[in-house]
Amino acid sequence: MIFTFVGLSLLWLAGFQICRLCGARVDHRTNGWIEAGAGFFIATALLILWLSSMPASLSMASWIAVLISTLFALPLCRTLMRAKFIGVRDFNLALLRAHLPHILIITLISAHLALVLANNLSRDVYPWDAFTTWMYRAKVWVLNNELLAFQTVDQWLQSGGEGYALHAAHYPPSVSAIAAFASALSGNWSDQAASLPWFFASLAIASLMFGLCRQAGFGNLLSLIGTYGLISVPLVSMH
């Protein structure tokens, strides 16, 4: 599980770095929160393309993706290490009182994200239609260590039951590939590892929302409230 967490973190950092480089190249002004949030989804999109086109086994392709992500993330890591953050000595009672509303909203946001993480790490995949479609395919890929093609049920019956059938065999790899990548890093199929990208997606959505609010001119407190309003919607957390 730790390898899955590290791999997804490096993938996110690589996407963050790609956003920063692209923004600097086209001279587009934005903020780090937007770049961080969008970076995760850009990195996962690139990962889907990589896994779909790589002729190697799923596990090898996944670890190569982690290695490439590490190389992309190193410059960003060095930049973050040189950045100055508020230290423990900078805190005092007056500062705490002034930012008490911010702290309360951040606590609520953190509680929601912690709940998402706890669900991902403690529950098996719930067998409703979307997850039986996406996760079933991801599980087959991990157990076979390759991205096998699926047939429709009619095609499967006509072939005499060879291979694997799926009603939505025409769906793109997308979500299944991300879940398979996360699980492959853990060494075998794991419902918990395959679900972990949804926690990272929640973090990325929160970062995007806060960054967009700040970009629109709202203050930190209103931006935090807007972020909490988004991630606390049950339908958002479910999806």
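Student: How many disulfides does a search of the whole structure find?

Tutor: This is a predicted model, and a search of the whole structure finds zero disulfides.

Student: Is C19 buried or exposed?

Tutor: C19 is buried, since its relative accessible area is 12%. C22 counts as partly exposed at 46% relative accessibility.

Student: Turning to the rings, how many aromatic pairs are there?

Tutor: The count comes to eleven aromatic pairs. One of them joins W12 and F200, whose ring centres are 6.1 Å apart; because their planes stand at 70°, the pair is edge-to-face.

Student: Where in the chain do W12 and F200 lie?

Tutor: W12 is in helix α1 (residues 2–25) and F200 in helix α9 (residues 191–215), so this pair links distant parts of the chain, 188 residues apart. Both W12 and F200 are buried.

Student: And what of W134 and Y171?

Tutor: W134 and Y171 form a tilted pair, 5.2 Å centre to centre with 35° between the planes. W134 belongs to helix α6 (residues 129–144), whereas Y171 sits in the loop between α7 (153–158) and α8 (174–185). W134 counts as buried at 18% relative accessibility, and Y171 as partly exposed at 35%.

Student: Which residues do ring pairs link into a cluster?

Tutor: The cluster consists of F5, W12, F40, F41, F199 and F200.

Note on methods:
Residues numbered from 1 in each chain as written. Predicted model: local features only at pLDDT ≥ 70, side-chain atom pairs only at ≥ 80, totals over all residues. Heavy atoms only, no water. Disulfide = S-S within 2.5 Å. Buried < 20%, exposed > 50% of the residue type's maximum accessible area, 1.4 Å probe, protein only. Phe/Tyr/Trp six-rings, centres within 6.5 Å; stacked < 30°, edge-to-face > 60°. Helix = DSSP H or I, 4+ residues; strand = E, 2+ residues; numbered from the N terminus.
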